[in-house]
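Let's take a walk through this one together.

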Amino acid sequence: MLGQEIGIDLGTSTVLVYMKNKGIINREPAVVAVESTGGKLIAVGGEAQKMLGRTPENITAVKPLKEGVICDYSTAEKMLRHYINKAVGGSLIGAFIKPKIIVSVPSNITEVEERAVIDAGLQAGAGRVMLIEEPLAAALGVGINVDEAKGNVIVDIGGGTCDIAIISLGSTVLSGSIKVAGDSFDDAIIRYIRKKYNVLIGERTAEQLKIKIGCVYKRDKLLAMEARGRSLVTGLPKTIQVSSDEILEALKEPAGTVVDAIRTLLEKTPPELIGDICRNGIILTGGCSQIYGMTSLIRRELDMKSVVADSPETCVAVGLGKAMEHPELLKRK
Ligand SMILES: Nc1ncnc2c1ncn2[C@@H]1O[C@H](COP(=O)(O)OP(=O)(O)O)[C@@H](O)[C@H]1O
Ligand SMILES: [Mg+2]
């Protein structure tokens, strides 16, 4: 094909761009900084993320996606335009033929939400926008032969959503998506610390606690970390010492919700596929699947084996690349 093909994993936390014959060419936080009046683009990605919560009045830093879908259309379009231009920039073909883009979306996205992704892509300079369900892309990325008549379960725990899908014969047999994932884990930590210590910590601090000492299953060795926040009693900065057991307690509810969602889907799975699934185990992808103890929690609660994919954060993007060779897996619009 003459035109270029670009895969975009439009995540709530991270945007990855995959280019045919090149691989992953971009991996940046899904944040855009724009001028407050007029909306002129100032920065995209890591640079914009540094501005979150710290911008002067004339600049706004926005996360254009929330819970897996576009929540701020105009910045989403600007972000897509930036990445499309960056991908095709300087290429002669790109200057004449608009690229085709393949975007991954949560499995239970509504028609309206789907339309927003397509329109934003077209407005941002794509000649054609194709969509693929995120878990299917993740399965391709992990290297599962999706055309086989064997059932596989993929659980992608990202920032905004946890997407669960049973895949067989190149399509999704059953899927579910809940709006509980990494961001909800951070919120749960913020709430726990506020309640227990009367201290308000920021989102970034909560995320650090989650990544560095967090767990959803008791750690063999107790870890601790200092966290800085604002005392709700004095209004002044305060440093507290937080333990991994406390984070375990804080994450009990959202982690339980993820497990319940997997259980619900397994209960609906046709019996022929259950056998395969028990044999193969659950495959975990997405950044938040790396939280300590997820596989142990699944074993304890569901009596099933599971495995975290190699580089779980890039599976969807790699899968977009593979989907370029399998157009039959794409949702045509
Ligand atoms: N080592 C880790 N442990 C726990 N959570 C992590 C880790 N690394 C990243 N995360 C979390 O993963 C989420 C982002 O995952 P990602 O798959 O990139 O999301 P999305 O596809 O929604 O953009 C964030 O909530 C981030 O805090
Ligand atoms: Mg994702």
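**A walk through the model**

Ala116 is partly exposed, because 18 other C-beta atoms lie within 10 Å. The cut-offs behind that word are simple: 20 or more other C-beta atoms within 10 Å of a residue's own make it buried, 12 or fewer make it exposed, and anything in between is partly exposed, with C-beta atoms placed from the backbone. Before we go on, keep in mind that this is a predicted model, in which local features need pLDDT of at least 70 and side-chain atom pairs count only at pLDDT 80 or more, while totals for chains, interfaces and linings use all residues. Residues are numbered from 1 along each chain as its sequence is written, and chains are lettered from A and ligands numbered from 1 in the order in which they are written.

Back to Ala116, which sits in helix 4 (residues 111-123). Helices here are DSSP runs of H or I with at least four residues, strands are runs of E with at least two, and both are numbered from the N terminus. Leaving out residues up to four places away in sequence, Ala116 touches Ile70 and Tyr73; a contact means that the two C-beta atoms, placed from the backbone, lie within 7 Å. Ala116 and Ala76 are 40 residues apart in sequence, yet their C-alpha atoms are 9.5 Å apart in space.

Now find helix 2 (residues 73-88). Its 16 residues reach 22 Å from the first C-alpha to the last, close to the 22 Å expected at 1.5 Å a residue (the expected span is 1.5 Å times one less than the number of residues). Among the buried residues of helix 2 are Met79, Leu80, Tyr83 and Ile84, and Glu77 and Lys78 are on that list too.

Which residues touch the most other members of the largest nonpolar core? Of its 99 residues, they are Val17, Ile84, Val103, Ile132, Leu136, Val155 and Ile189. Helix 2 gives the most to this core, with 7 residues. A nonpolar core is a set of buried Ala, Val, Leu, Ile, Met, Phe, Trp, Tyr and Cys residues joined through C-beta atoms within 7 Å. In soluble globular proteins, nonpolar side chains tend to be buried together. Take Val155: not counting residues up to four places away in sequence, Val155 touches Cys162, Ile164, Ile262, Ile282 and Leu284.

Ile262 turns up again as a contact of Leu302, together with Val259 and Arg263, with residues up to four places away in sequence not counted. Leu302 belongs to helix 11 (residues 294-302) and counts as partly exposed because it has 15 C-beta neighbours inside 10 Å.

Next, look at helix 5 (residues 134-142) and helix 12 (residues 315-323), whose axes come within 6 Å and cross at roughly 85°. The two helices are therefore roughly perpendicular to each other, a label that covers 65 to 115 degrees (under 35 is roughly parallel, over 145 roughly antiparallel and the rest oblique). Residues of helix 5 including Ala137 and Leu140 meet a set in helix 12 that includes Val316 and Leu320.

Finally, check two loops. Asn21, between strand 2 (14-19) and strand 3 (23-29), has a positive phi of about 70° although it is not a glycine. Asn21 counts as exposed because it has 8 C-beta neighbours inside 10 Å. Glu67, in the loop between strand 7 (65-66) and strand 8 (69-70), also has a positive phi, near 50°.

How values were computed. Axes are lines fitted to C-alpha atoms, for helices over the stretch in contact, and angles run from 0 to 180 degrees between N-to-C directions.
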